[in-house]
Amino acid sequence: MPEIAARFKLDWPGFSLDVDLNLPGKGVTALFGHSGSGKTTLLRCIAGLERPAHGRLVFNDRTWQDAGTWLPTHRRPIGYVFQEASLFPHLSVLGNLEYGRQRSAGTARVALDQAVALLGIDHLLQRKPDSLSGGERQRVGIARALAVSPEILLMDEPLAALDLKRKQEILPYLERLHDQLDIPVIYVSHAPDEVARLADHLVVLDAGRVITAGPLAETLARIDLPIRLGEDVGVVLEATVDHIDETWQLMRVTFPGGSLWTRARDLPPGRRVRVRVLARDVSLAIDEPGPSSIQNILPATVDAVGPDEHPGLLLVRVALGESRLVARLTRRSAEQLGIVAGRPVHVQVKSVALME
Amino acid sequence: MYLTDTDLQAIWLTLRLAGITTLILLLIGTPIAWGLARCRAWWKGPLGAVVALPLVLPPSVLGFSLLLAMGPNGPVGQFTESLGIGTLPFTFWGLVVASVFYSLPFMVQPLQGAFEAIGERPLEVAATLRASPLDTFFTVAVPLALPGFITAGILTFAHTVGEFGVVLMIGGNIPGVTRVASVQIYDHVEAMEYMDAHRLAGVMLAFSFLVLLAMYVWRPGARKGG
């Protein structure tokens, strides 16, 4: 049962948005696309910051927008995180947090305390925004959006304005949100690694149109999408830590259809993890390969073959039980190996990225 | 005493006129400036031009128009007479009305600039934090535009203190009622009381310089970068 039904049609000079989406009422939905794809505009339409002439938006059976119905932004039960934290410079951190909380009818103080704890900003409360680092500012911006006890959290590229170091500082907090928040989150991003880490559901936009929408793993494994991801083509697997090899400092994670070895981390067996495997790190062999430096070699079946950005390359999707991996091959090697759908192969995975 | 009693009377009248004019213009000019800064309607251009007219119009033209409008045959004059308060020319309140028109751009333009400098974002943020547009105006726009309010207030006050032509057209030269400092100086000069003229002119010069100095030295907006 979809909880958010959104239909918007908007025409600006040089840009148009035409979407009709049903989004799940829980988990993190990523709106993904290159700049100019309309992902931020779509988010602003949901927030009521843009008012498209033709639109319909129903959230949890309540109509926010329809012909003749318009709920202004300040009456929508949303939390919104802007790309730049956009804190009020004339208020302290606490003043910023209190601003929204005081205006949220029937909101307990709990939301604010929880938000402060979740984002780890209690030591900053008395400071002024201009004395904070970029990362701290964005954490306050997220806490401020949560302090109004929103029924849905909208985030517009909260990491895009930050450098890599600040990003690494905030990502753990976002993952904590993902785990602990029981409201739906719509997360706009153009960064595949953020999407792979945070999203449960993926909507891919291009030129104001929805190209595909669906659960993350399933959508990432599609190789027929006309979106350019370059080096970031790859899949995400939901896996479980099942064995730690102390001697070699390696860890085995199991997913439906196989298991992979990766560097040991400080994680207990049984822990759910997310594993990202990039297409460029996957190669295929017909016969069982002999001795190799590659530790992860798994039997699989070719599922589909599709074109890649470069005419000399192909994307090959293989099935391991119910899981899918995508490999990037040259057209020549695919020809020489006789790669066609249904062919049994051995998958060699050179490296995997673990996301807790 | 350095200044004569009539000089002091003229200075007091000037300060009262400038103070009341500034207060009235804060109330009138703020919504006009907000409208000019926020709206994209067709009337934005014409309204902006009308507000700026006193900057280029000779004070005598403005004074003459107001004199006709507020006189017994003018629309404003007939309205004020129907209210039973007589006509406004050659009264203190006539001067206030004239000063409000004359100093309007000095209030509206700095405020408009300050409101425009805030940008769209803080207002959008306030909306996502449940603040209604009116609430947003008072709790976000006004505090962020505070340096603009201070500049506009000082400029309006100082400009009203310095007006002469309009006063002469509307107010004439009635001691204690419409004889402000600038007219008093004119009187001293006409009567060849050059020493008196010097003293009062010196006071005006010192006042104007100090006001402008205060404005240029103390700039609260300067350190707020991000």
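This note goes through the predicted model point by point, from the overall build of chain A to single strands.

1. Basis. The model is predicted; local features need pLDDT of at least 70, side-chain atom pairs count only at pLDDT 80 or more, and totals for chains, interfaces and linings use all residues. Residues are numbered from 1 along each chain as its sequence is written, while chains are lettered from A and ligands numbered from 1 in the order in which they are written.

2. Overall build. Chain A holds eight helices and 21 strands. Helices (H or I, at least four residues) and strands (E, at least two) are DSSP runs, numbered from the N terminus. The radius of gyration of chain A is 22 Å, close to the 21 Å of the globule rule for 356 residues, so chain A is as compact as a globular protein of that length. That radius is taken over C-alpha atoms, and the rule is 2.2 Å times the number of residues to the power 0.38. Along the principal axes, the C-alpha atoms of chain A fill a box of roughly 65 × 50 × 35 Å.

3. Burial and contacts. Of the 356 residues in chain A, 42% are buried (20 or more other C-beta atoms within 10 Å of the residue's own; exposed means 12 or fewer, partly exposed in between; C-beta atoms are placed from the backbone). Among contacts in chain A with a separation of 6 or more, 65% join residues 24 or more positions apart. A contact means that the C-beta atoms of two residues, placed from the backbone, lie within 7 Å.

4. The largest core. A nonpolar core is a set of buried Ala, Val, Leu, Ile, Met, Phe, Trp, Tyr and Cys residues joined through C-beta atoms within 7 Å. The largest one has 115 residues, of which Ala30(A), Ala143(A), Leu154(A) and Val326(A) touch the most other members. Helix H5 (residues 92-118) of chain B gives the largest share, seven residues. Domain 1 (4-225) and domain 2 (234-355) of chain A both contribute to this core, so it lies between them; the bounds come from an automatic or database domain assignment. Another core, of 23 residues, lies apart from it and includes Leu17(B) and Ile185(B).

5. Strand S10(A). Five of the six residues of S10 (residues 201-206) of chain A are buried, so this strand is largely enclosed by the rest of the structure. S10(A) pairs in the parallel sense with S3 (residues 28-32) of chain A over four bridges, where two strands pair if DSSP finds at least two bridges between them. Val203(A) in S10(A) is the bridge partner of Leu31(A), and Val203(A) also has Ala213(A) in S11(A) as a bridge partner. S10(A) and S11 (residues 209-215) of chain A are antiparallel, with six bridges. Two residues lie between the strands of this hairpin, in which Ala207(A) takes a positive phi near 50°.

6. The five-strand sheet. An open sheet in chain A has the order S16-S20-S17-S18-S19, with antiparallel pairing. Its edge strands, S16 and S19 (323-330), each pair on one side only.

7. Strand S20(A). In S20 (residues 344-349) of chain A, Val345(A), Val347(A) and Val349(A) form the covered face, and Pro344(A), His346(A) and Gln348(A) the uncovered one. S20(A) has four antiparallel bridges to S16 (residues 282-285) of chain A, with Ala285(A) opposite His346(A). Six bridges, also antiparallel, join S20(A) to S17 (residues 296-307) of chain A. Here Ile297(A) stands opposite Gln348(A), and Ala300(A) opposite Val345(A).
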